[in-house]
Amino acid sequence: MKVLAKIRKIIDVVLGSACALVFALMVCIGTYQIVKRLILNDPSTVSEELLTYSFTWMALLASAYVFGKRDHMRMGFLADKLTGTPRKILEIFIELLLMVFTGVVLIYGGISIMKLTMIQKTASLGSIPMGVIYSILPVTGVLIFIYSILNIIDLCVGKEQDHRDVKE
């Protein structure tokens, strides 16, 4: 179990760092865009497109991070009324549904859209294929899938939901 906790911790650190890095990049690009538009009166379409893609990447990576923490939004009207084994079964079932969705939509669909758009170039960035932009979909899918497996294992061994305080 310590190995699984370490795997979760490594993924958490990598994802948290990636989100922070993308956010810092967005701040720099946004500042550049404001200076270019308001002070120099010369708007930059490249920075606009980079901000859009950066925001999308950060949102998807952050969503994977939140799924790993099991802090995602949920409708708890049924689960909160259950206790013990029925609640555990429901939570495992929810994780399995999430794995199916992630596998079909994010991983399979993401790879499909990547392949389809590898020849299409971005509007302002020019030389970057759209498939590279869409690569975040299967990456996020794999991360959420891994987190779901770890969550199911934690549920099966009776570990608490909250993974924020993982001790080594």
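Modeller: The radius of gyration is taken over C-alpha atoms, and the globule rule is 2.2 Å times the number of residues to the power 0.38. This is a predicted model: local features need pLDDT of at least 70, side-chain atom pairs need 80 or more, and totals for chains, interfaces and linings use all residues. Residues are numbered from 1 along each chain as its sequence is written, and side-chain values use heavy atoms, without hydrogens and water.

Colleague: What radius of gyration does the chain have?

Modeller: Start from the rule for a compact globule. With 168 residues, such a globule would be near 15 Å. The C-alpha trace spans about 60 × 35 × 35 Å along its principal axes. The chain's radius of gyration is 19 Å.

Colleague: How many helices does the chain have?

Modeller: Helices (H or I, at least four residues) and strands (E, at least two) are DSSP runs, numbered from the N terminus. From that end the elements run α-α-α-α-α. There are zero strands, and the helices come to five.

Colleague: At what angle do the axes of α1 and α5 cross?

Modeller: Axes are lines fitted to C-alpha atoms, for helices over the stretch in contact, and angles run from 0 to 180 degrees between N-to-C directions. Helix α1 covers residues 2-39 and α5 covers 136-156. Their axes come within 11 Å and cross at roughly 145 degrees.

Colleague: Which residues of α1 make the contact with α5?

Modeller: Contact means heavy atoms within 4.5 Å. On the α5 side, the residues include L143, Y147 and D154. On the α1 side they are L4, I7, R8, I11, D12 and L15.

Colleague: What is the span of α5 from its first C-alpha to its last?

Modeller: The expected span is 1.5 Å times one less than the number of residues. Helix α5 has 21 residues, with 30 Å expected. After α5 comes G158, whose phi is positive, near 85 degrees. The span of α5 is 30 Å.

Colleague: Which residues does L60 touch, leaving out those up to four places away in sequence?

Modeller: L60 sits in helix α2, residues 45-69. C19 is 41 residues from L60 in sequence, yet 9.4 Å away, C-alpha to C-alpha. The residues that L60 touches are I136, L137 and T140.
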